[in-house]
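This briefing concerns the arrangement of secondary structure in one protein chain. Please consult the sequence and the structure shown below while reading.

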Amino acid sequence: MSMAVYQLCFAEYTEVLKQEIIQEIEKFQKCLNVTDKESMRKLHKLPRCEEIKKHRDFLFSEGQKIINMFFADGWEVEPEKIDPVLIPVENDAQNSIFKTARFTWSLPYTEGYGRRLKFLVFDNFNGKLIGILGLQSPVLGLKARNEYLGLSKGPEKLKVLNRTMDIYTLGALPPYNFLLGGKLMVLAAVSNEIREVYRKKYEGKTTEIEGNNIDGDLVMLTTTSAYGRSSIYNRVKYKDNLICIPVGYTEGQGTLFLTGSLCEKAREYLQSKGVKVKSGYGNGPNYKFRLAKALARQLKLEGIEVELVTHGVQREVYVFPLIKNLQEYVKAPDTTEPEYFDYPFSDLASYWKERYCLPRSKRDTEWKAWRKEQVWQDIAKSL
């Protein structure tokens, strides 16, 4: 093949790649015109399906067994006898249970990043899984949180945020979700046991990127709702204390449109144009975000205006104080002694059962008809 023929074929291939990228972006942007929660779930359907396919072997070899063994049918649940127990994920078997449960979410599966903790909540009465909770390092530029706390740039901001974590996944599985099990998982997040597990794992360690010392004091959690305002986090109280405080909304930026396959196409297309976006440790935060911005710049050079990092899907931001004097602590973390709330998980679980679970079990009996094979049937649609 002559150089001229090669260059012509390469140019044709690059143009086809570009058109495929544009078509996928256009399909996504059409979905953004509708803002109800069901439409938001549809936005995540394709990336969720891709992640499920990526883990096909795991789901067939382990996931199916885990669903059969640890997920509950409605008839196996007795609300009066539910006995929640909080278990930190510490081995491969526990991680496989967590991973399988996470695939039941409408959001795409993610492992989290930075400092990470995972927890399972089981029903000690029947040995079935109630829900999961995952924590990771916080996002530094979360505007609503930073404004609420009065955090500005600099070492003091990092010092405070190195004593916080972000909830990247939280929820209850059916049939416990019908019994407001999500509220139990919210309460579990602020328990004394979570703080103790964090202390044991991270006290005396250093952060990977900045190399800052971690002192083991966890003073706050944050999270963002999946789809706008959240019914799970809304108005959850314990002993008159609001467990999670709504502090505003995200600005609607991110890479929702960038599925795994589109990510590969974007990387290949940019490389064909001599643009390389480096990934991995030491190359800056959020590779997909940087890839999307680089793609938008390249397409703009070719006369195509697209907005790839502002999707407009705003999520509500919540702060979970673990100490009573959070605002004072944030202003002077080196001289302010944290005054911790005393929230034993057993007390929180008992409160949840009386306040949320038992009343709901009497008002709504939908949980009784649930069958765990429905979980596998939903996952199998994407395999």
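**Sheet and helix packing**

Threonine 164 stands opposite methionine 220 of strand 5. The model is predicted, with local features requiring pLDDT of at least 70 and side-chain atom pairs counting only at pLDDT 80 or more, while totals for chains, interfaces and linings use all residues. Residues are numbered from 1 along each chain as its sequence is written, and side-chain values use heavy atoms, leaving out hydrogens and water. Helices (H or I, at least four residues) and strands (E, at least two) are DSSP runs numbered from the N terminus.

**The sheet**

- Strand 4 (residues 164-172) is paired with strand 5 (residues 220-224) in the parallel sense, over 3 bridges; pairing requires that DSSP find at least two bridges between two strands.
- An open sheet is formed by 7 strands in the order 1-2-3-4-5-9-8, with mixed pairing.
- Strand 1 (84-88) and strand 8 (245-249) each have a single partner strand and stand at the edges, so one side of each lacks a neighbour in the sheet.
- From one strand to the next, the twist averages 30°; angles run from 0 to 180 degrees between N-to-C directions, and axes are lines fitted to C-alpha atoms, for helices over the stretch in contact.
- Helix 12 (residues 345-363) packs on the sheet and touches strand 1 and strand 2 (116-123), where contact means heavy atoms within 4.5 Å. The direction of helix 12 makes about 140° with that of strand 1.

**Helix 3 and helix 13**

- Helix 3 (residues 56-70) packs against helix 13 (residues 373-380) at an angle of about 155°, and their axes are 9 Å apart.
- The two helices are therefore roughly antiparallel (angles under 35 degrees count as roughly parallel, over 145 as roughly antiparallel, 65 to 115 as roughly perpendicular and the rest as oblique).
- By class, the contact of helix 3 with helix 13 has 6 nonpolar residues, 1 polar and no charged ones (Ala, Val, Leu, Ile, Met, Phe, Trp, Tyr, Cys and Pro count as nonpolar, Asp, Glu, Lys and Arg as charged, and the others, Gly among them, as polar).

**Helix 9 and helix 10**

- The axes of helix 9 (residues 260-272) and helix 10 (residues 287-301) cross at roughly 50° and come within 10 Å.
- Helix 9 and helix 10 are therefore oblique to each other, and their crossing is left-handed.
- The contact residues of helix 9 with helix 10 comprise 9 nonpolar, 1 polar and 2 charged.

Notes:
A crossing is left-handed if the near helix is turned anticlockwise from the far one by less than a right angle, and right-handed if clockwise.
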